[in-house]
Amino acid sequence: MTDTLADRIAATLDRPVRDEVAAFARRLGEEAGGVAVLFYGSNLRTGSLEGVLDFYVLLPGPQRERIWPRVSYREWDHSGSRLRAKIATMSLAQFAQAAGGTSRDTTIWARFVQPSTLAWHADETARIAVLDALESAARTAARLAAAVGPDSGSADDYWRALFRATYEAEFRVEKPGRENAILEVNAAHFDGLLPLAWQADGIGYARDGTTLCPSLAPDERNRVLRWWRRQARLGKPLNLLRLAKATTTFDGAADYAAWKLHRHTGITLEVTPFRSRYPLLAAPGALFELWRKRRDQR
């Protein structure tokens, strides 16, 4: 086990990725004028190139869009393989602020206390900034876990309480027990992470075997819970705003929808220039074509 949270995050951040993923990340980062690209999600865990690769492209300078991140979809033929990616783009500065829990966001720190790796970065300054942001995400998540978790319990008990709280604050439907699945498939990542994050955040704790007991003073616990209630009230409205924005700004939305449709039904819909440029206006015609093709399959 590494000695500090910074060591643990750095070891995770610097894990190598497949050459195809690294090449795609570099392409996305350089085309966007970015400084860093994070790779995360199930494909990071499995090493597979199937399905959709998940990237966060981080840009220099201040955040320009008030509703972030901007979401897009790309396909790229590389080394004989067709790679598909869903890309979230925002400024590194805004990412760091959200990771530290000082913005109104309820998603960034909860997402990036989970595994991710730095698939591409422009320079060492960018790498250090991303490292600092991911440390902040772990500290923010661990602090809330101490406040919403039990008086004492296993590390997994605290992580479960954290993820349940964040799921309830977001406008999305998770299957019951989703928090258990996250911990099970990422057991090595979470092993020993909570005490390191508490220590980095100045939260003392007692340990008896696998049972942990954080020494969060009542005033501090109340402060964290007040902060979380303010955040949680904005969670669903912010999610709705982001979904509304995505309906008009999701670059490559038609390609993404067509790929998902073919993957799940075997039906191919042609992505015409009109459908690509105006996915909402094209939706009725696409739905009629889908209905007709599904009828013909029967």
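Hi everyone, let me start inside the protein: α1 gives the largest share of the lining of the largest cavity, 3 residues. Before going on, a word on the source: this is a predicted model, where local features need pLDDT of at least 70, side-chain atom pairs count only at pLDDT 80 or more, and totals for chains, interfaces and linings use all residues. Residues are numbered from 1 along each chain as its sequence is written, and side-chain values use heavy atoms, with hydrogens and water left out.

Back to the cavity. A cavity here is a set of points on a 1 Å grid over the protein atoms alone where a 1.4 Å probe fits but cannot get out, and lining residues have an atom within 4 Å of a point. The whole structure has 2 cavities of 30 Å³ or more, and the largest holds about 70 Å³, a volume being the space filled by probe spheres set on the points, which are joined across faces, edges and corners. Both α1 (5-13) and α6 (124-148) supply at least two lining residues each; helices are DSSP runs of H or I with at least four residues, strands are runs of E with at least two, and both are numbered from the N terminus. Among the lining residues are Ile-9, Leu-13, Phe-112, Leu-134 and His-189.

Now, how many aromatic pairs does the structure hold? There are 16, counting rings of Phe, Tyr and Trp (its six-membered ring) with centres within 6.5 Å; planes under 30 degrees apart are stacked, over 60 edge-to-face, and the rest tilted. Take Phe-24 and Phe-55: their centres are 5.8 Å apart and their planes at 65 degrees, so this pair is edge-to-face. Phe-24 is in helix α2 and Phe-55 in strand β2, so the pair ties together parts 31 residues apart in sequence. Both are buried, meaning under 20% relative accessible area with a 1.4 Å probe, protein chains only. Together with Phe-39 and Trp-76, they form one aromatic cluster.

Last, the hairpins. Strands β3 and β4 run antiparallel, joined by 9 bridges; two strands pair if DSSP finds at least two. Val-71 has Ala-88 as its bridge partner in β4. In the turn, Ser-79 has a positive phi of about 50 degrees. Strands β6 and β7 also pair in the antiparallel sense, over 4 bridges, and Gly-209 in their hairpin takes a positive phi near 65 degrees.

Methods
Buried < 20%, exposed > 50% of the residue type's maximum accessible area, 1.4 Å probe, protein only. 1 Å grid on protein atoms, 1.4 Å probe; cavity = no way out; pocket = protein on both sides within 12 Å on 5 of 7 lines; lining within 4 Å.
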